Amino acid sequence: AAASLDQDFKDELEHVNQWFLCRTDPERTAALYTLVQNASQIQIRFLITVLQQRADPLGEMHIPA
């Protein structure tokens with residue numbers, strides 16, 4: 001999905017991304033947990049969809065043995 005973002009927001013988002021990349025895994029996990037706690041239902045559904053796609057990028061069906 002493409003969104004039209006103003007340049008200030010793009011710059012702030014890049015700053016947040018760079019900050020996040022410099023964190024340890026436990027710090028990243030805590031930051032993600034905090035963000036999810038403040039997410040709306042629509043944002044949560046969006047995140048679930050994105051996470052499912054990231055976990056299974058080819059859309060392969062996994063059948064337990």
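User: Hi! What should I know about the model before we start?
Analyst: It is predicted, so local features need pLDDT of at least 70 and side-chain atom pairs count only at pLDDT 80 or more, while totals for chains, interfaces and linings use all residues. Residues are numbered from 1 along each chain as its sequence is written, and side-chain values use heavy atoms, with hydrogens and water left out.

User: Thanks! How many helices and strands does the protein chain have?
Analyst: Three helices and zero strands, in the pattern α-α-α along the sequence. Helices (H or I, at least four residues) and strands (E, at least two) are DSSP runs, numbered from the N terminus.

User: What span should helix α1 have?
Analyst: Its 15 residues, 7-21, should span 21 Å at 1.5 Å a residue, and the end C-alpha atoms are 21 Å apart, which agrees. The expected span is 1.5 Å times one less than the number of residues.

User: And what does Asp6 do at the start of α1?
Analyst: A side-chain oxygen of Asp6 comes within 3.1 Å of the backbone nitrogen of Asp8.

User: How do α1 and α2 pack, then?
Analyst: The angle between α1 and α2 (residues 25-37) is about 135 degrees, and their axes are 9 Å apart. That makes α1 oblique to α2; angles under 35 degrees count as roughly parallel, over 145 as roughly antiparallel, 65 to 115 as roughly perpendicular and the rest as oblique.

User: Which residues make the contact?
Analyst: From α1, Trp19, Phe20 and Leu21; from α2, Arg28, Ala31 and Leu32. Contact means heavy atoms within 4.5 Å. Five of these residues are nonpolar, none polar and one charged.

User: Switching topic: what share of the 65 residues is buried?
Analyst: Buried residues make up 3% of the protein chain. Buried means under 20% relative accessible area, exposed over 50%, and partly exposed in between (1.4 Å probe, protein chains only).

User: Why does α3 lie largely in the open?
Analyst: Because the number buried among the 15 residues of α3 is zero.

User: Last one: where is Val36?
Analyst: Val36 is in helix α2 and, at 38% relative accessibility, counts as partly exposed. The C-alpha atoms of Val36 and Leu47 are 8.9 Å apart, with the two residues 11 apart along the chain.

Terms used: Polar contact = N/O pair within 3.5 Å; in protein donor to acceptor, adjacent residues only side chain to side chain. Axes fitted to C-alpha atoms, helices over the stretch in contact; angles between N-to-C directions. Nonpolar A, V, L, I, M, F, W, Y, C, P; charged D, E, K, R; others polar.
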